[in-house]
Amino acid sequence: MATPSRSSGSSRSSGSLRPHGRRSAVGGDTTDLREAILAATAGLLADRPFGDLAVGDILIAAGVSRGSFYFYFDSKHDVLAELVRRAVARGHDAAAPWLAVPADPAAALRTGITAGAQLWRQSAPVLRAIVENWRTDPRLEALWTEQMQTFTDATVAQINADPRARQRLAGQDIPALASALTWLGERLYYLAATGTPPFDDQDTLVAILLHIWTTALYEDTSTP
């Protein structure tokens, strides 16, 4: 999955969801409390759907007071948003080899796709939660749409920076193609994260995504 550098918006907020704590801590550094809330929420998502998760459950798992929770977050949606931003930021790093306009784009794509598959496996509870719930809350919808758009924008920029890809795609709607590749990747990574065959096999997942991306971007599929 292609993605921009971190400066392209991985830590921006969407809607009313906040990217960071909303005010300075009083009486000392309480960053550990914020991290405890995030870690507890990620852990709980491994065992239950986001829709069944209550703030009270997070308080118990994190060992924090309700006041401490609301010092940093407006809601459980706000917590999920921060977890998603962090996962996306790691996805930016995974795509870096391909975004550098490498001499061998297929090899760089393989590296990025493999790293993306590993990221989705490692962050499966959080990423499953956003994929399954982003249309249930306007704030999450704005967040996920924004994050996915950064992937699309990066793919467009990469295509425009690579003469080989531009030549293959002459006359094509590049933004539409980039968006299709981005959302296709999201769906297949999600199926892998939920253990859905055949995409639960990482080698199969990587091979399929690599074939689709290289065929779309670099291979001449026109009929003689």
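Guide: This is a predicted model. Start at Ala-42, which sits in helix H1, residues 31-45. Its relative accessibility is 25%, so Ala-42 counts as partly exposed; buried would require under 20%. Beyond its neighbours within four places in sequence, Ala-42 is in contact with Leu-83, Pro-125 and Val-126. Ser-123 lies 81 residues from Ala-42 in sequence, yet the C-alpha to C-alpha distance is 8.6 Å.

Now to the helix pair H4 and H7. Helix H4 covers residues 76-99 and helix H7 covers residues 138-161. Their axes are 10 Å apart and meet at an angle of about 10 degrees. Angles under 35 degrees count as roughly parallel, and H4 and H7 are therefore roughly parallel to each other. On the H4 side, the contact is made by His-77, Leu-80, Ala-81, Val-84, Arg-85, Val-88, His-92, Trp-98 and Leu-99. H7 contributes residues including Arg-139, Leu-143, Trp-144, Phe-151 and Gln-158. By class, the residues of this contact are eleven nonpolar, six polar and two charged.

Next, the nonpolar core. The largest one has 61 residues. Leu-80, Val-84 and Trp-144 are among the members that touch the most others.

Setting aside residues up to four places away in sequence, Phe-69 touches Ile-37, Val-55, Ile-58, Leu-59, Ser-75, Lys-76 and Val-79.

Terms used:
Residues numbered from 1 in each chain as written. Predicted model: local features only at pLDDT ≥ 70, side-chain atom pairs only at ≥ 80, totals over all residues. Heavy atoms only, no water. Helix = DSSP H or I, 4+ residues; strand = E, 2+ residues; numbered from the N terminus. Buried < 20%, exposed > 50% of the residue type's maximum accessible area, 1.4 Å probe, protein only. Contact = heavy atoms within 4.5 Å. Axes fitted to C-alpha atoms, helices over the stretch in contact; angles between N-to-C directions. Parallel < 35°, antiparallel > 145°, perpendicular 65-115°, else oblique. Nonpolar A, V, L, I, M, F, W, Y, C, P; charged D, E, K, R; others polar. Core = buried A, V, L, I, M, F, W, Y, C linked by side-chain atoms within 4.5 Å.
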